[in-house]
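This report concerns the fold and packing of a single model. Please examine the sequence and the coordinates shown here before reading on.

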Amino acid sequence: MEIFEEEDKKLFREIKQSYLDDGIHVILVKGFCDDDKVIDVLAAATQINDNPTINLRTRVLGHTKNLLQRAFSRYFKEMKVTFTSSKPFVLAHKNIDVDKWEQNQFFPISSDISIYYPIQSVIAQGGERDLEKLQSAISNDHSKLIILVTTNDVEEGYLDFSLLDDFVDQSFVLDSSRKHPEAYSIILNNLNQNKIFYE
């Protein structure tokens, strides 16, 4: 079972500081370990205050459920991820509501934290057409903090992060290289690089 280490705790602090900073509305979380990223973001969101309101906003419920189940299986062995757009899932005794941002892009949202996950299809090559829909969803999202979480983001040129420049206030990189040195080494060898391009 995975445990939270110093880099995870650093990301928790960065998310909390962003939440408390009135000048920051949208942040982007990058990093090579997709499971760590989403678990850290969800865990941090549940700790923002005593009774946080949290929305998980996705495009395809089934795909996201599979990604979350994989991540939760690494941290919480017995946890079964179940949710629908009308039934939240529970983490650390906190409800996390789930909806589809593309379908509800014009619907006003107001929570403590909105988490958009995964967003790679919007910023992948050829995905620019969907960017307007994401921008529309974000413009109607009045949550205190919006967190965009990527998957599959280590290969340069696959995702165009510059497409997010107009509305992302801050980016953070979760460095899991010490936590998962073998996986990190394999990725670097496959990319024929000394480090991932955004580090």
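The account below treats the sheet, the helices, the nonpolar cores and the backbone exceptions in turn.

This is a predicted model, in which local features need pLDDT of at least 70 and side-chain atom pairs count only at pLDDT 80 or more, while totals for chains, interfaces and linings use all residues. Residues are numbered from 1 along each chain as its sequence is written, and side-chain values use heavy atoms, with hydrogens and water left out.

**Sheet**

Helices (H or I, at least four residues) and strands (E, at least two) are DSSP runs numbered from the N terminus, and two strands pair if DSSP finds at least two bridges between them. Seven strands form an open sheet of mixed pairing in the order β3-β4-β2-β5-β6-β1-β7. Its edges are β3 (89–91) and β7 (170–173), each of which pairs on one side only. On average, neighbouring strands are turned by 25° against each other, direction ignored; axes are lines fitted to C-alpha atoms, for helices over the stretch in contact, and angles run from 0 to 180 degrees between N-to-C directions.

| Strands | Sense and bridges | Residue pair |
|---|---|---|
| β1 and β6 | parallel, four bridges | Val 29 and Val 149 |
| β5 and β6 | parallel, four bridges | Ser 114 and Ile 146 |

Strand β6 is mostly covered, with five of its five residues buried; buried means under 20% relative accessible area, exposed over 50%, and partly exposed in between (1.4 Å probe, protein chains only). Leu 145, Ile 147 and Val 149 point one way from β6, whereas Ile 146 and Leu 148 point the other way.

**Helices**

Helix α1 (residues 6–20) has 15 residues, which at 1.5 Å a residue should span 21 Å, and its end C-alpha atoms are 21 Å apart, in agreement. The expected span is 1.5 Å times one less than the number of residues. Its buried residues include Leu 11, Phe 12, Ile 15 and Tyr 19. Seen down the axis of α1, the buried residues fall within an arc of 165°, so they line one face of the helix; the arc is that of the directions from the helix axis to the C-beta atoms. Gln 17 and Leu 20, on the other side of α1, are exposed. The buried face of α1 packs against elements including β1 (26–30), α2 (34–46) and β7, where contact means heavy atoms within 4.5 Å.

Helix α3 (residues 61–75) lies across β2, β3 and β4 and runs at about 120° to β2. In helix α5 (residues 131–139), Leu 131, Leu 134, Ser 136, Ala 137 and Ile 138 are buried, and these residues pack against β1, β2, β5, α4 (120–123) and β6.

**Nonpolar cores**

A nonpolar core is a set of buried Ala, Val, Leu, Ile, Met, Phe, Trp, Tyr and Cys residues joined through side-chain atoms within 4.5 Å. The largest has 38 residues, and those with the most contacts inside it include Ile 15, Leu 68 and Ile 147. Its largest share, seven residues, comes from α2. Apart from this core lies another, of 28 residues, among them Ile 119, Ile 138, Leu 163 and Tyr 184.

**Backbone exceptions**

The peptide bond from Tyr 117 to Pro 118 is cis, with omega near -15°, and Pro 118 lies in the loop between β5 and α4. His 93, which is not a glycine, has a positive phi of about 65°. His 93 is located in the loop between β3 and β4 and is exposed, with a relative accessible area of 79%. Asn 152, likewise not a glycine, has a positive phi of about 50°. Asn 152 lies in the loop between β6 and β7 and is partly exposed, at a relative accessible area of 45%.
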